[in-house]
Amino acid sequence: MLNELFFRFDGLAEKYHQLRIKILGDCYYCISGAPRERSDHAVNCVHMGLSMIDAIKYVRETTGCTVDMRVGIHTGAVLAGVLGQRQWQFDVYSKDVVLANKMESSGKPGRVHISNKTLQYIGDEFEVEPAYGEKREDALRAAGLKTYFISKVLMPYKPRPSLQSMKNGTKSSSSQPSRDVPSENTMASRDSTTLSTVEDAKVLKSLQEGNADSSFKSKLQKELVNRDGRSDLLSQTNMVTLSFRDGKIEHAYKHHRETFSGAATTAVPLVLLIITIARFILLPTAGGSILILLGGVLLLTSMASVSAARSFPLRVCNALLTASDRVHSTVGLRVAWFTTLVILAAAANTLDMYFCDKIDDPFDILAFDNATAMSFERTDVQNHTIKVDNESFSQLLQEIPEESDFFNLQTTNVCPHPAYYSYFTLLILLAASLLAQVSYMIKSLVMIAVVGLQCTMNLLIMKHALETAEDWSEYDKKRMVKDHTSLSVELCMITILLMILNRETEKTSRVLYLWRREVEEQRERAADIRQRNEALVYNILPQHVATHFMGIRRKKHEELYSQSYDEIGVLFASMPNFGDFYSEESVNNQGLECLRFLNEVISDFDGLLELPQFHDIIKIKTIGSTYMAASGLNPSRQVKEDDPVKVRWAHLALLVDFAFELVRALQSINEQSFNHFVLRMGINHGPITAGVIGARKPHYDIWGNTVNVASRMESTGKAGCIQVTEETTKILQHFGYVFEQRGLIAVKGKGELMTYYLVGKAASPQQVNGESLDYSKAEDQSQT
């Protein structure tokens, strides 16, 4: 029910511009006018209080629970901040805050109790009646305040802009026109669009009329260029070389390694293997040697295996992986390695083409040199051999009939399809284009060299083979020179296109690299922010509670987290004389220096929780100068009912030791700052309910009679002493602690309770049947 109430209160706080500070048990604590100044802060607080009373009235009627609430409002100045090192909570501090607390405690259920200071700021919007709270609370009377109850609302609530927004010239959300009420222009365009603003409707109308086509296209183009990163690339790179102007970025780009860049090198031996197969199928009788191509395939495969090893590391030996890393880690070696693959493939193709051309002429078959005699067979002179020399070769040709097999040999070319070598070169160029992490300029130079070599072969060395090729028809042979030249021209044009494609590919690669850098930077920032957020959450909530919420991916704000504990220790420790020390004079910078000192004290107290022996103690919160902690709030701790007292309540004894350490820490601070602060502490044990409530600002707190009694043990105690109940005394006696009976005291809501002061701990406690102790060697009370 409390969670449901505070969830509703959080919604009301957003409506009435309230800043929820903290939750103190069943007390909801909020302010208005900070951190942004507001002229209607008092009016907002009154409306907030009235709405809270209506909300709890609704809960009371629907649930049948007799719950009600008091609302106290006071206006004044505050200091805001976060104190300590653990369980951070934004809080406000000042004497006016204390008076606002007194306004609540001296009020009446179901009424909004305001001070005369607040009355000055609500104007004529409410009707009030005297409340005489100053007669019920000495602090209000000492401050010279008069109090009133809100009896009637005279003006309905109307939000006003904050002073900050007025200074900036902006309007509040209430002054902005509602988007639910369309204007005339919007109504006119509703038939063609569902745009919700007049400006969008005008843009649509102009587009329909065609008046803004050019501007729209230019804006669209500019937006798309900006979106794909090309404009950023142009501003950061050289137009010719595409290298980044920033040397650091260029160095990082060259040395970064893409995941599968090495795998692209496998395209080169694959292409050469395809060329070898095509060569075997299309040119089986060609004069070249297919062994050249096979040798090239094996060499290129071994080289590509080295460069691609890291891309497929699962089934590769470590030596090959090391060599692959070496190739990719050195920029010059990587570029040389990749380009060498292309050069070797082109060399193998060119070498095979060269040897093919050397034996494709019958003159080469019949006459190797002047000293060699050749022979051939004639169809009409069987089993006769005619030997001739080179000088009589021409005369011999005239005597041979046209139907002779010699002329059949002459017309049958040994290299029948020489144009395919140009096609093979084109495949090698495509493989070169696939190479990653090589500058397009380097690839262009390699491609130009390969194409230049192929064109030289076509125009000079392969000219005769191309002219006598079997591919040409009679019509093609008549225009042989033009087609022969066009083969090289087309190869050059395709190379130019591939060079342009490589340039665009490198542009894309560099844009992606910039995006990748940006994403990595954002990822690092996000990881840093996430780490900070997690640290913040672990500083706001206890570790086990923070772990619970961090593990929930889809958590609703109203989700309730609660845990019940049967055996918990609760400690309240306050500095009762800090109120006398605190002053809001100019010498203390309006109280800021006093808060600095309080922050040092609380930080030292928080530092004690870092000690290993106090890992089971959790700081709950600070309330002004009061420090609240609890022990036993460990869900993983498993205790059985039949366990001995020293096992079940070991954490309570640990809490007492922690209280002693608080005293020692404060004494050390007093010695360094020449102050004389003392602690007034109260300890109690028993069952509690722990949980996180509220729609926003998760706040971990504990509730129950145990907490209330522990708070009364502190508030009704004596400075420099630890007050406990009789039940707590019986448990702590088992741990050797010494007590002094105080007697019966009146506790609000509990009647009279027998209480004890914890004096110290016996040096050598002797327990008899778990009931009596020897206090003869008790520690000196001054140490306590």
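Reader: Is Phe 6 buried or exposed?

Author: This is a predicted model, in which local features need pLDDT of at least 70, side-chain atom pairs count only at pLDDT 80 or more, and totals for chains, interfaces and linings use all residues. Residues are numbered from 1 along each chain as its sequence is written, and side-chain values use heavy atoms, with hydrogens and water left out. With a 1.4 Å probe and protein chains only, buried means under 20% relative accessible area, exposed over 50%, and partly exposed in between. Because its relative accessibility is 2%, Phe 6 counts as buried.

Reader: How many aromatic pairs does the structure hold?

Author: Rings of Phe, Tyr and Trp (its six-membered ring) pair if their centres lie within 6.5 Å, with planes under 30 degrees apart counted as stacked, over 60 as edge-to-face and the rest as tilted. Under that rule, the number of aromatic pairs in the structure is 20.

Reader: Which residue forms a tilted aromatic pair with Phe 6, and how far apart in sequence are the parts that the pair ties together?

Author: The partner is Tyr 28, 5.5 Å away centre to centre and with 50° between the planes; Tyr 28 is itself buried, because its relative accessible area is 10%. Helices (H or I, at least four residues) and strands (E, at least two) are DSSP runs, numbered from the N terminus. Since Phe 6 belongs to helix H1 (residues 2-15) and Tyr 28 to strand S2 (residues 27-31), the parts tied together by the pair are apart in sequence by 22 residues.

Reader: With which side chain does the side chain of His 685 make a polar contact?

Author: His 685 lies in strand S14 and is buried, because its relative accessible area is 16%. A polar contact is a pair of N or O atoms within 3.5 Å; within protein, one must be able to donate a hydrogen and the other to accept it, and residues adjacent in sequence count only if both atoms are side-chain atoms. At 2.8 Å, the side chain that makes this contact with His 685 is that of Thr 728.
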